[in-house]
Protein chains: 2
Amino acid sequence: MMHLSPPEPVLGKPGIKHSPQETDQSFNDKYVVLYDFSGIGAKASLGITHLPSDTCVEYEAATKEFNSLLDNLEAAGLHTEVRPGYDQTILVFVQASKQLLGNTVYKSRVKDWLYSITQAHPGGDKDTVVPGWYEAEDILAVYHLVLWPKEMGGAGITPQVGQWKNVKSIFPLHNEKVNQSLLRHLSRRFILTVEDFDHIRDLLGSKVSSREPNKFEQIAFYFAFIQTYLMFLTFPAITGVITWLFLPKYSLAYAILTSVWCTVFLEYWKLREVDLSIRWNVRGVSKTEVNRPEFKYERLIVDETGRTMHYFTKSKQIARQLLQIPFIIVAAAALGAIICCVFAVEVLISEAFEGPYLFYLEYLPTILLAVAIPYISSSLEGVAKLLTEYENHRTADQHEMSLTQKIFMLSIITNYLPILLTAFVYVPFGDVVVPPLKRVLQRVIPGLEPRFSTRAFRPDSDRLRNEVIALTVTGQLTSFFEENILPLLKHQFQGWYREYRRTHSKDAMLLSMVTDDPEEAKFLKTCRNQATLLQYNVQEDIAELVLQFGYLALFSPVWPLISLGFLINNWIELRSDFGKICIECKRPAPTRAERIGPWVLSLDILTWLGSISTAAIVHLFHFDEADSGRWVTLPITIFVSEHILLGLRAFTRCIFERLGSVQIRKERNERYARRFSYLEQIEANKRAGVNLSPAERERRKSVLVASTDSFWTKQIDDGMSAAAGLRLIGLAREWEEKNGYGPEKKKV
Amino acid sequence: MMHLSPPEPVLGKPGIKHSPQETDQSFNDKYVVLYDFSGIGAKASLGITHLPSDTCVEYEAATKEFNSLLDNLEAAGLHTEVRPGYDQTILVFVQASKQLLGNTVYKSRVKDWLYSITQAHPGGDKDTVVPGWYEAEDILAVYHLVLWPKEMGGAGITPQVGQWKNVKSIFPLHNEKVNQSLLRHLSRRFILTVEDFDHIRDLLGSKVSSREPNKFEQIAFYFAFIQTYLMFLTFPAITGVITWLFLPKYSLAYAILTSVWCTVFLEYWKLREVDLSIRWNVRGVSKTEVNRPEFKYERLIVDETGRTMHYFTKSKQIARQLLQIPFIIVAAAALGAIICCVFAVEVLISEAFEGPYLFYLEYLPTILLAVAIPYISSSLEGVAKLLTEYENHRTADQHEMSLTQKIFMLSIITNYLPILLTAFVYVPFGDVVVPPLKRVLQRVIPGLEPRFSTRAFRPDSDRLRNEVIALTVTGQLTSFFEENILPLLKHQFQGWYREYRRTHSKDAMLLSMVTDDPEEAKFLKTCRNQATLLQYNVQEDIAELVLQFGYLALFSPVWPLISLGFLINNWIELRSDFGKICIECKRPAPTRAERIGPWVLSLDILTWLGSISTAAIVHLFHFDEADSGRWVTLPITIFVSEHILLGLRAFTRCIFERLGSVQIRKERNERYARRFSYLEQIEANKRAGVNLSPAERERRKSVLVASTDSFWTKQIDDGMSAAAGLRLIGLAREWEEKNGYGPEKKKV
């Protein structure tokens, strides 16, 4: 269905009705597809094409591709409007008709019922049209219409993958008015409640157009998590301040309190997650996942049910996944080496120099390391992403899980290794390790010798504390800068550069050639701007929190004020993150999720490691340093601490499970009511023998008489069984009376 | 509906049709209720009643109760036949009509569907009658008809509880012919396959009457477990023999192999359990549990859905459950004290005597302990049962879980403490502990002094091995005796005693007063015999296996031949257990279960403890005894071993989960097919935009034109969007050609 002879193109046709700015524009039924043909243009402009006709061929290809893009969208029943974008991009605005949208929403609800995510069938038939309950539900429907493969009724537009590598992104439009109001609302509230998360998920409202911009569950889960974490943080923050003021350094009591806190918090969150997933009707939603568009299958299998399966050899997949083991080892070794080097330099500086700025100079490498870590991590994460891509997971969930595991391992190494080195190598074994280091340095730089202080090496036990402070404080600041300031600057700069290129470059910039309809200009400007924004990645924000939790779980007794810092940081983070989503990022495609993802496992592991690390730190630093016996008893301390924690975890889980949650109870009651009403219907004839009519009794009797077995027909008439039994009892009674038991015997 | 004026009782009315022995009797629709009025008679005969009328009152009560029993059974729609039993018992034979039985089976299938245990609704309406797929399904239906409360359509006959304390038991009849054939079949097969478990669950057959006696899933699970365990045991048995022949004592290699084996076996079983539960359609069956009849509620609550809830304060229940902590502590202390005493005596014997029989004398206390342990345990188990009863769990599953936990703790202590004492106290610290013991004994028995050998104390490292051999071998033999021989002897003796009492006692024995119809005599004899048999308890058999597994997990390197012994024992056990069920026990009421119960957790804990215990034993005994440094490194060994095991477990679980199981895949496919066919119906109009008629296009267009937003109406006609996009691409192309890129530039 190619439209080869189009009518006169209509770009700037004057509007006959209100302009978009004036109307109460709806955002629930729209999507934007960003098509970029600069790849083709660039190829041409770089002179890769050799023949005059090559440019034509290239543009011919672009034409074909664009035609096919629009065909696919229209075949899915979507209406399209085309407008020029920045540089050599075209914005394809996609709109679903009310009928199509409502029907897609309805079908997705039926699917939820089929997959037991919701309990009641929504009713209706294949042509039913329902309004979405909230904006995100509609947006999700449009998203599916654009993204899902043709077999599932979508247009199959998978940005940057395969056939559609020139489709740079697809995104819904920000509902700025509501964004603003929610942002204002959030900034006014000190403590967020579950209703606020509901607001983030769907603001109570009756009309779609007046509803909340909805990041859907995955993001709502993130906010619920950060808020729960925040509330829980007040406890270690308060006890931390008390410890800092009144208790000795490396306090055992504080370590125990924090370990218990970690466990309780985690088990509480696990329950809360289930609770929220039921509240938001997404429990079991991970079952409905479709293939990732990037999934490469080896062959198609059609099984006996007529189901087409995308088959990829399982053993091959497992083999590919085992590749992550060498990757983690190599990455760990490389990172470890870098960190050890920084560490050595740092130690040597502190040894080689003496002077007023020593303190600042001494921690300079650590601070540099703290600043560098995010960059090192992100390059290794790039490798991890490639590797995960190669592992070729079928569903997005598996893919994410695998990637998260890798990134988590890397984060652990980059963030915690320096502290672990300080705690367990530098401070206790400094006097063994440092002198050889010095000698190596003296040989490398012979002139350095006289500068070394002649004093004996004296490892500084405050150093551990300072290291933790430096890493956590700079870490939080860096990540704040990286998350909130850097993207703004980058975006600003890109704007300037685009403007510069538009005026100074000879590249074909569409906006230099076409002017917008003045009525649309403002709206188009917003859309173009949104198209240049980053994609929001909720995983990164969660990873940051998990890492922070790790500091707390592993090193809390080193510096008890750490949790107060985190508390403040997270209070700001919660609000700034929402701002980031609204202002610095494209509106995220709604993603349904039933939990914060595979991170709970990471938190579990961190709590576990924490029980080991905390015990070891307190054991080593709390007691007298001179006592060499502490190394002998260290494994016992660790063993005891670890097993107490594991026992505590089992106990907490058991208690929380027993107590249950409001939503779980509610769901159970609803399910019960549904079953009950059903059973009521089929059990109208329960208690089959009550109130039988005489005719029915006769009928039953005749059935029994007709049976072949004489045993079962002897007491067939009413009351005969009872009579037979009573006769037996009576016989026993007579016997007893006859044989002198009972009243007669009493008289003897 | 009391039948106060019954017609002439029909007890020995001559049969007009075939006798039960001649016909192909069915066992699927029958149940036997054993009513015992001897409690009342005994009361009267013991002279507790003071007035002549008291005996009358007592018998009046019995008459009333018996009448009410029959009324209840008949109100549930069941047909009854009454026959005299042994002593002062009455056998009430209960039969469900084909129509009632089929309808009950049907309803129970509908319930399975409602609770998502099965996936497809069975069809039909409230009066549908279906034949049971296998005998046990029918028996379960009759069981429900007899046992379930009246609100649920049953007769509410709860044996030995409350109102029905004189109903001693209710049981189905053994289908002896099929029992025999299955027994023969099992004894002929060397290795049982999943089909054999199916046979145990339901033999493939088309007619109910020709079907297999079915112990239902709980027992089938037990057999599947023992067979799986048996198959896995061959590995440690073979490696054990090799180790015993060629490797040094306390071999590290064997210890590692066995730990890995334990983990792999356990993870495999977890998957297998799910697989079987799907195969047998019982997955999720624990959700359908009704209240235990013994459950005492504080008050009834009727909630908004009209559901009646039996409420018992949660905090009270938790408080009661916390009682088990002091119980376990006290029991452990008491048991520990007994074991330590036996131990001390044993050590002193070995020290005090020297002579040819020393070896036998030395281990006599251990053997006595091994024989005594089952009796000590069972008395403590009695206390545990009372305590669990007091905890007042709502469902049978929770009750069982709680009881199992307690019994498991007790078993651990009684069975493993002696070995642990030997391994970690007696052998390494004997020279410290034994001399003071000697002194105490000398003070108590002053004459003993000269007999003590004067040689210095030399703990015997072979002693640990001998202890393990003695405990496991005698343990297995005792339990075999206790399980298979003792009940037979007991049963025999009871028969003799009953006969003796019948002829010599003056008690009212019904059988002395009434004679059976000769045609029924043989059948009634069988039934009376079955009524005196024990109730089969599958939990005890599983507990035995778990305990055995524990020996293997905890102490395998001590004596590698242990697994060979277990292999042989279990091969016999598997067969003898089935015989036991058929011959020595009442036919068990069918119990639906989705797993072997809470034992998997116990096995998990044992494997975990095993990683600690095995590591410690190998560490301490493998190396030179004189090396005192081994105590310092012991915690490190344990730490490493434990964490390797935990890692291995996670890895194994991950691999097994990835590989999945046949049944899980099958279930997934079925579920998919069901959903697919449903979606096919509602998605008839997918790809909404394909093949639209011109009229439909016009209609959609008009809807868009009617919208208020001019933006979305500019490219409303077919192909206009495409044309607009192509114009933009074309503009870029023109620009490039004009500005010297492309072919023109090439010429420069």
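Helices (H or I, at least four residues) and strands (E, at least two) are DSSP runs, numbered from the N terminus. The model is predicted: local features need pLDDT of at least 70, side-chain atom pairs count only at pLDDT 80 or more, and totals for chains, interfaces and linings use all residues. Residues are numbered from 1 along each chain as its sequence is written, and chains are lettered from A and ligands numbered from 1 in the order in which they are written.

In chain A, the loop between helix 7 (216-246) and helix 8 (252-279) holds A:Y250. Phi of this non-glycine residue, A:Y250, is positive, near 50°. A:Y250 counts as buried because it has 23 C-beta neighbours inside 10 Å. A residue is buried if 20 or more other C-beta atoms, placed from the backbone, lie within 10 Å of its own, exposed if 12 or fewer, and partly exposed in between. A:Q160 also has a positive phi, near 65°, and is not glycine. A:Q160 lies in the loop between helix 4 and strand 4 of chain A. With 14 C-beta neighbours inside 10 Å, A:Q160 is partly exposed.

Chain A is assigned domain 1 (30-181) and domain 2 (215-507 + 525-669); the bounds come from an automatic or database domain assignment. Their contact takes 26 residues from domain 1 and 24 residues from domain 2 of chain A, where two residues are in contact if their C-beta atoms, placed from the backbone, lie within 7 Å. On the domain 1 side, strand 1 (30-36), helix 4 (135-147) and strand 4 (167-171) of chain A give two or more residues each. Helix 4 of chain A gives the most, with four residues.
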